Structure formats: structure tokens, C-alpha cells
Amino acid sequence: MALAVMLLNGASFHGGCCRHKVLLSLLGPLLSNSKLYSSYRRPGAEPKKKPSWQDADFSFKKGIDHLKTQLSLLKKETQDYLQGPGGHPLSQHLLEQTRVLWQFRSQEDLNKWVISSDVEIGGKSKVYIKLGRNNQAALLYGTLSTEAPRDGETKYSGYCSMRSRPAVGSFNRKKFYDWSNFNSLYLRVRGDGRPWMVNIYTDPYFSHQKDDLYSYFMFTRGGPYWEEIKIPFSKFFFSSRGRVQDNQHPVWLDKASFLTLGFTIGDKVDGPFQLEIDFIGLLNDRAHKEEFAYEIYDKNTPV
């Protein structure tokens, strides 16, 4: 099918516009039923006037430039890998006690995050993100509304979230976070007294695990002062599709399977909210000895 698209776009160079129209009339119905053109659209969305493949820009120069960029990224990743974990010497990696993952000092730092709300399901909550005063923090603010959409199906509504974009390596490969050298999440925030949910999303092995995540609560005290919050990874509980699972297990820090980190507010209280985040980091607390805070059931109990 990709060959057909190349023929359509290259026909004008070899046989003029007439041949291009002939090929388009012959292959158009075939392409409309392919994966390049999806017939599904969300309720309320306007139908597409033309197939999505017609919007693609087949530029040879852009392809060469993109290849050069990806090769330079691959070169840097190889150098970092040969130098040590995370691009640091092994001795420094073993002695590392803190690490800053995200800090917010520019618009580029904000672009690494995505915000969403119940507007996606027809709700009325609103969420925005911008740089704080003196460009020293990220300000997440908006209005929470628990009014459910009148679609006859949705019964509950009222949430807003902020989620980091998945890290991508060279040639669009997935990059995972390896937090095995740390035992706590460390944040510096300033909230308005409302509780938040901190979520860790993992890379699923199977399709039915795509809604699995590890969560824990973050309580802000409000007021004009910043607070530093430490959340041990042993406190995170496992849930799937919004339901806490009976079969609990600790976060597998040694498998480097973390894709994104997120914050969600949904305390069922209508009104404005705001949360300022200075930085998000990791901490290796030597005084914390707890492995897991919840009871683990034995599936194979001896009779």
C-alpha cells in the first residue's frame, strides 16, 4: 500500500497530471478501504473530506534530514551506553542518591507533558498549564466540574490530569526509566490544599494490561509556602481500569519498564484548583527499609 502511495505522488513527475488522475481514480477506492484511511470517527466530529494519506508530505530532502538527526541521536546513545548507566560512570551511578527527572524552566520543559480532562468524554472540567512566576515552576490550574455528560451512558465525571510524554530514542524507539537505584519519589510543590493522585504508567506486555498503573496520594497543605514531598515506592498500590486489585505487588523498579508519570485530581469537589511544581526527582532514602506496604496474597496456599 505504501508503494501505491509513492506511485500516486510520483506520477506527476513522469507522466504529467493526467496520469496522476488516472491512477488516483483506479487506486482511490482501494486506498479508502486500507489502514491508511480510517472510516471511524468520534460522535460529533466532522467527517474527513479526503483520505489521510493525501496530507502526507513525501519530501526526499526532509527524509534525508530526518535520517541524519536520528543517526546523531543513535551516536549519542551509543556513547552514553559505553560510558555507563545513564551516561554516567559506574562509580557515580552506584553512589547516586538523588536525581532530578523533570524541572520546569522553559516552554520546552512544558512541552514534555500533556494535559487532559473529562472534556474527552463530554465533561465540563477545564485544565491549563503554563510557566509560573519568573519561569521557575510549572503552574497547573483549571476548574473541576463533576457534572456528568448527558449521553445516557456516563454516570460519573470530574477529573483533570497532567502526564509526561513517553521518552523516545533514535528511530522512534521506546525509552524506559530505570529507577532501580532509588526507593522514593521526591517532589517540590505548592498546592491549594486539594489531594492529588500520583500515577506511574508501565509498558504492558499484553493488550489487556494497557490500563494498569501504580498510584498513591499526594496531599498538599495550601498556603504560600513550598513543600517537599517524599513518596516511597513501597506505598504505591496496583490498580487496573480505576479498580484497586486484590493481587497486589510492589513496583518493579529493576525492570526499567516505566513509560510515563502523571498527576490526577478528582476529589469530587467543584471549583478552581491549582498546583505548582518546581521539580520532580528521585531519592535513595537509606533510612527507608520497607519493601511493600500492603498484604500480598499467596495464590497457591497449601492445603
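## Surroundings of Asn 183

Asn 183 is in contact (heavy atoms within 4.5 Å) with Pro 232, Phe 233, Leu 283, Asn 284, Asp 285 and His 288, leaving out residues up to four places away in sequence. Asn 183 sits in the loop between strand E5 (160–164) and strand E6 (184–191); helices (H or I, at least four residues) and strands (E, at least two) are DSSP runs, numbered from the N terminus. Asn 183 counts as buried because its relative accessible area is 16%. Buried means under 20% relative accessible area, exposed over 50%, and partly exposed in between, with a 1.4 Å probe and protein chains only.

## Basis of the model

This is a predicted model, in which local features need pLDDT of at least 70 and side-chain atom pairs count only at pLDDT 80 or more, while totals for chains, interfaces and linings use all residues. Residues are numbered from 1 along each chain as its sequence is written, and side-chain values use heavy atoms, with hydrogens and water left out.

The average pLDDT (the predictor's confidence in each residue, from 0 to 100) is 80, and 78% of the residues score at least 70. Over residues 1–38, pLDDT stays under 50.

## Overall architecture

The protein contains five helices and 13 strands. Of its 303 residues, 34% are buried. Among contacts with a separation of 6 or more, 72% join residues 24 or more positions apart.

## The nonpolar core

In soluble globular proteins, nonpolar side chains tend to be buried together. Here the largest nonpolar core has 37 residues, and those with the most contacts inside it include Phe 104, Leu 185 and Met 218. Such a core is a set of buried Ala, Val, Leu, Ile, Met, Phe, Trp, Tyr and Cys residues joined through side-chain atoms within 4.5 Å.

Strand E13 (residues 271–283) gives the largest share of this core, five residues. Beyond its neighbours within four places in sequence, Phe 104 touches several residues, among them Trp 113, Leu 131, Met 162, Ile 277 and Ile 280.

## His 66

His 66 belongs to helix H3 (residues 60–83). His 66 is partly exposed because its relative accessible area is 45%. The C-alpha atoms of His 66 and Phe 171 are separated by 9.3 Å, although these residues are 105 residues apart along the chain.
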